[in-house]
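Dear colleague,

Please find the structure below, followed by a short account of what was found in it.

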Amino acid sequence: CGGFPVSIFFIVINEFCERFSYYGMRAVLVLYFTYFLHWSDNFATVIYHAFAALCYLTPILGAIIADSWLGKFKTIVYLSIVYTIGQTVLSVGSINDLSDHNRDGSPDNISLHIALSMIGLILIALGTGGIKPCVSAFGGDQFEDDQENLRNTFFSLFYLSINAGSLISTIVTPNIRATECGIHSKQRCYPLAFGIPAILMAIALIVFIIGSRMYKKVKPQGNVMLEVCNCIGFAIKNRFRHRSKEFPKREHWLDWASEKYDKRLIAQTKMVLKVLFLYIPLPMFWALFDQQGSRWTLQATAMNGDFVVQPDQMQIVNPILIVIMVPVVDSVIYPLIKKCKINFTPLKKMTVGMFLASMAFVAAALVQVQIDKTYPVFPAAGQTQIRLMNLGNVPATVQFQPQFQRVDVAPKTASHYMTFKTSELESLSVVAGVASGLQNKSQSLKDLLEGHRYTFAFKFPATGFNSNLTFDNVTKKPEEGNNLVRFINNYNAPINVSLDGKNYVVLPSLSVSNYTVIPGGDKRHIIESSSTFGLCRVLSKEFGFGGASTISVDDCTRGSLNITYFEDIAPNTVHMAWQIPQYFLLTCGEVVFSVTGLEFSYSQAPSNMKSVLQAGWLLTVAVGNIIVLIVAGASKLSKQWAEYVLFASLLLVVCVIFAIMATFYTYVDPNEIEAQFAEEEKEDKKDQDDNEKEAEADSKM
């Protein structure tokens with residue numbers, strides 16, 4: 001087909017479906033931990049990065065299995081089955097109705113859901129990691145030696161399918177997650193958000209198996225990683241045996257393996273170890289980079305997303321910028337630097353990439369500082385907060401006893417939440433001038449609970465003084481950008497109130513309803529009320545994201561409901577677009593770090609050692625995720641911006657260390673070294689043949 005083996009199209013389709021499955025699942029994973037399993041942000045981050053680390057550790061196992069025992073085809077098939085089962089188990093574990101026997105909308109046995117989720121994630125990690133090193137190599141096996149150009153085109157198509165799968169899935173699955181589904185109660189649709197990736201993985205497996213008869217299947221020929229490890233192990237063991245001074249020193253500690261392994265393998269292993277030594281600082285870059293799916297996604301949940309982007313969709317900024325930045329950097333930035341006669345070596349590029357990633361986290365910290373300003377301050381232990389709400393038409397003055405503070409409250413307004421020591425509160429008195437004269441009313445505060453918020457609503461109608469001290473049962477900002485809304489009856493008779501025709505409630509005069517959760521965004525809601533004044537309605541304002549409001553139902557004018565809004569918790573005001581600068585910096589860092597790092601590694605290693613360096617590269621990603629889970633699990637920092645600054649500082653220090661290491665590195669040409677060994681082997685073979693001929697001639701004489 002156009003010169004290509006037909007089999008490669010099955011491989012490309014398989015890769016697209018598999019990447020859609022993986023990135024689609026991973027995009028919504030941290031929010032699933034936070035909002036469905038109700039884990040804290042720190043614990044959700046720990047498990048997320050533990051899973052990511054496992055996904056990058058298992059490729060080594062997959063490569064060994066494929067090269068030493070099963071071969072690439074069978075390894076891909078068997079581990080894809082494991083992968084599909086894992087995705088299915090995760091999807092089943094996210095079904096709320098699985099254990100919601102009392103149908104109250106919450107799982108009755110959360111342990112069952114956690115167990116299924118963890119089993120599913122472990123199977124997914126084994127599957128996706130195990131096939132990662134096999135699929136691209138298996139595709140390369142389909143070409144003959146004289147089809148180098150076609151092979152290169154295949155790899156371009158292959159990586160295009162990876163980016164297409166990840167980009168489309170990161171757009172699709174968060175939207176599916178944001179919808180509601182369920183049998184008995186409607187919840188965020190995690191079963192479908194995980195179920196579609198499971199279906200795509202099943203399709204990937206079926207498509208791959210359909211092409212079975214067309215594949216060129218190379219038999220296992222042993223794994224070079226095991227050979228390198230055995231060589232290193234033997235050298236260390238042999239050096240330890242000959243540690244006495246009576247044995248002469250050798251030029252390099254790996255030379256102690258010469259008794260068992262040939263010079264070529266030892267020289268190649270030296271070159272590989274030289275590169276792997278430079279890998280030591282690299283995990284810190286990945287520790288920052290992979291937080292796009294955890295900390296940065298959680299950060300987005302506390303922001304204003306009024307351009308209809310889900311918090312877990314902000315990750316698409318990275319692949320979009322990659323598509324833009326790679327050609328710009330290669331065709332514009334690097335040539336300009338070259339024209340300026342700056343020796344911008346690969347290791348210098350990687351150093352710049354680390355610096356840019358560090359700056360990305362500085363930008364994230366600055367955004368977080370602005371987000372923190374929008375968070376409400378709740379009472380600590382031993383404290384109580386009180387807010388005053390004047391629902392009347394005359395101004396009033398409130399005095400807290402014993403002789404705390406005096407607060408003036410204008411008509412139809414509310415004060416901010418004021419903090420007091422619970423043990424010192426006794427009462428408050430309200431003074432207002434009304435038609436009948438100056439009135440003074442008191443309210444006891446001795447029974448208030450510490451660590452809670454209260455709203456004291458009052459008014460002075462013509463008939464006298466009315467008041468209500470209400471417990472505000474909100475202890476944090478609403479999750480997932482939702483809003484909380486409640487109603488207070490400011491009418492002199494009981495009323496019926498509904499929101500969008502639902503949440504029907506009967507409220508006596510000056511009583512308060514429970515909070516109702518409504519989705520965030522720019523949608524307006526229909527508020528209806530009926531009483532002695534008849535049926536009235538009004539269209540609400542836009543509530544934004546992450547706020548809480550109390551709506552006072554005042555009266556009705558010709559069928560139009562008159563209401564007053566009181567802000568209990570301010571909505572999110574920092575826009576999600578402010579995350580774009582940090583994504584831009586991190587993507588620029590990725591372009592000059594990751595792409596350059598792979599090119600550098602491949603240019604500095606022998607051709608038969610590429611898989612060893614690939615394993616080492618993936619290992620740095622795994623270690624980077626382990627660093628995050630350690631910091632997230634052990635950190636005592638109370639502010640998220642401080643953690644961002646910590647990571648930025650750590651990478652900046654590592655950047656300096658790497659720059660120093662890079663100055664001592666000497667670039668080599670593996671092809672020249674291999675050519676020298678080939679020439680030496682050729683001469684040795686020639687000498688051996690000459691000796692054999694001489695021996696044969698001597699025997700004839």
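Which helices each supply at least two residues of the lining of the second largest pocket? They are α2 (29-36), α3 (41-70), α11, α13 and α16 (640-663); helices are DSSP runs of H or I of at least four residues, numbered from the N terminus. This is a predicted model, in which local features need pLDDT of at least 70 and side-chain atom pairs count only at pLDDT 80 or more, while totals for chains, interfaces and linings use all residues. Residues are numbered from 1 along each chain as its sequence is written, and side-chain values use heavy atoms, with hydrogens and water left out.

Helix α11 gives the largest share of that lining, four residues. In total 33 residues line the pocket, and Asp41, Leu298, Ala302, Gln368 and Tyr375 lie nearest its centre.

Glutamine 292 is in the loop between α10 (283-289) and α11 (295-301). Glutamine 292 is buried, at a relative accessible area of 8% (buried is under 20%, exposed over 50%, partly exposed in between, with a 1.4 Å probe and protein chains only). Beyond its neighbours within four places in sequence, glutamine 292 has contacts with Thr297, Gln315, Asn318, Tyr583 and Leu586 (contact means heavy atoms within 4.5 Å).

Valine 362 belongs to helix α13 (residues 346-372) and is partly exposed, with a relative accessible area of 33%. The C-alpha atoms of valine 362 and arginine 151 are separated by 42 Å, the two residues being 211 apart along the chain.

Yours sincerely

Definitions and conventions
On a 1 Å grid over the protein atoms alone, a cavity is a set of points where a 1.4 Å probe fits but cannot get out, and a pocket is an open set with protein on both sides within 12 Å along at least five of seven lines; lining residues have an atom within 4 Å of a point.
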